[in-house]
Amino acid sequence: MSHGELTGNLPAEPEKATLEGRNKVLGFWLFLGGETVLFGCLFATFIGLRNQIGDGPSAHELFNLGMVAVATFLLLTSSLTSVLAIQAMHRHQARTMVGWFIVTALLGLGFLGLEIYEFFEYVHEGHTFSTSAFSSSFYTLVGFHGGHVAFGILWITVLLLQFAKKGLTVVTAPKFYVFGLYWHFIDVVWVFIFTVVYLMGKVG
Amino acid sequence: MAAHDHSATEHSSKRPHVHEGPKNHYLSFILSIVLTILAFVVVYAEIGKTFTILFIVLLAIIQVLFQLAFWMHMKDRGHTYAIVGIAFGTVIALTGVAAVVFWLWW
């Protein structure tokens, strides 16, 4: 509980200490509302087209649920480690926060690696972007999510580089907090992808 | 509203802040894992298509509500506009999904 480790006189919840910080958090929630609409549209399209398989493989033949389960576990754990990072930030333990965010980024990378491998395998089984309406909507939905994960990893990397320069202040704290929200949102979207795309694909 | 925010800031800076422990976050994590495994089990048990789909979607919604409340701090004070923002997005997203589901099942 060493208050002041790298941090000087930080207020208790540094992300909410300034009006700018509070506005960032509020603005980010509104952005997440827009993201919800984006993914809602992609989900609706996928649900509408998921049985239109043409000459390509069906979801039931294609999906390897073991690998999806591992990916789910990685992303779920990374969501937990990012909330632990924010808790460390609230206790002003900047180094602990950085440590948890590095773990978060590594788990995200693991998830992304599995997804790339999975897409690679599907393409070899004749499930390319233009095979069928099912394959197009599948790659668009799951690929958009993977793109969000990739962007999140870039984002936290840049934030950690900025941390190395500026430390934890009332300016950098809202950025970490907002990244945490983004990362949880990615996990929330994955819960639905996992359910609607993979599990419902197995059900038929 | 502004006065209220001001007093909240005063409050947290003058009194020693009580930190929320990680207990709720670990509970959400364990709950998420349990719900995910349960969804797997229901799918492999092959109980019946309609029931399985409705049940696993319900499990997903429960899991997401817990993550929103605890991991994304929506249960904390001062999240009124956050709730409005995300709820507005959710209503539009669900309208799209409901339209397609209705169109398929009609």
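**View 1. Buried residues of helix 5 of chain A in a predicted model**. In this predicted model, the residues of helix 5 of chain A that are buried are F134(A), S135(A), S137(A), F138(A), L141(A), H145(A), G146(A), V149(A), G152(A), I153(A), I156(A) and F163(A). The cover over these buried residues includes three helices of chain A, namely helix 1 (19-49), helix 4 (94-124) and helix 6 (172-203).

**View 2. The span of helix 5 of chain A and the residue just after this helix**. Helix 5 of chain A runs over residues 133-166 and has 34 residues, so at 1.5 Å a residue it should span 50 Å, and this agrees with the 49 Å that separate its end C-alpha atoms. Just after this helix comes G167(A), which takes a positive phi of about 75 degrees.

**View 3. The side of chain B that touches chain A**. Here 41 residues of chain B are in contact with 40 residues of chain A. On the chain B side, at least two residues each are supplied by helix 1 (2-14), helix 2 (23-45), helix 3 (49-71) and helix 4 (80-105), and helix 4 of chain B gives the most, with 16 residues. Sorted by class, this side of chain B has 26 nonpolar residues, 14 polar residues and one charged residue.

**View 4. The two assigned domains of chain B**. The domain assignment of chain B gives domain 1, covering residues 24-75, and domain 2, covering residues 78-106. Between the C-alpha centres of domain 1 of chain B and domain 2 of chain B there is a distance of 19 Å.

Methods: Residues numbered from 1 in each chain as written. Chains lettered and ligands numbered in written order. Predicted model: local features only at pLDDT ≥ 70, side-chain atom pairs only at ≥ 80, totals over all residues. Contact = placed C-beta atoms within 7 Å. Helix = DSSP H or I, 4+ residues; strand = E, 2+ residues; numbered from the N terminus. Nonpolar A, V, L, I, M, F, W, Y, C, P; charged D, E, K, R; others polar. Expected span 1.5 Å × (residues − 1). Buried ≥ 20, exposed ≤ 12 C-beta atoms within 10 Å, placed from the backbone. Domains from an automatic or database assignment.
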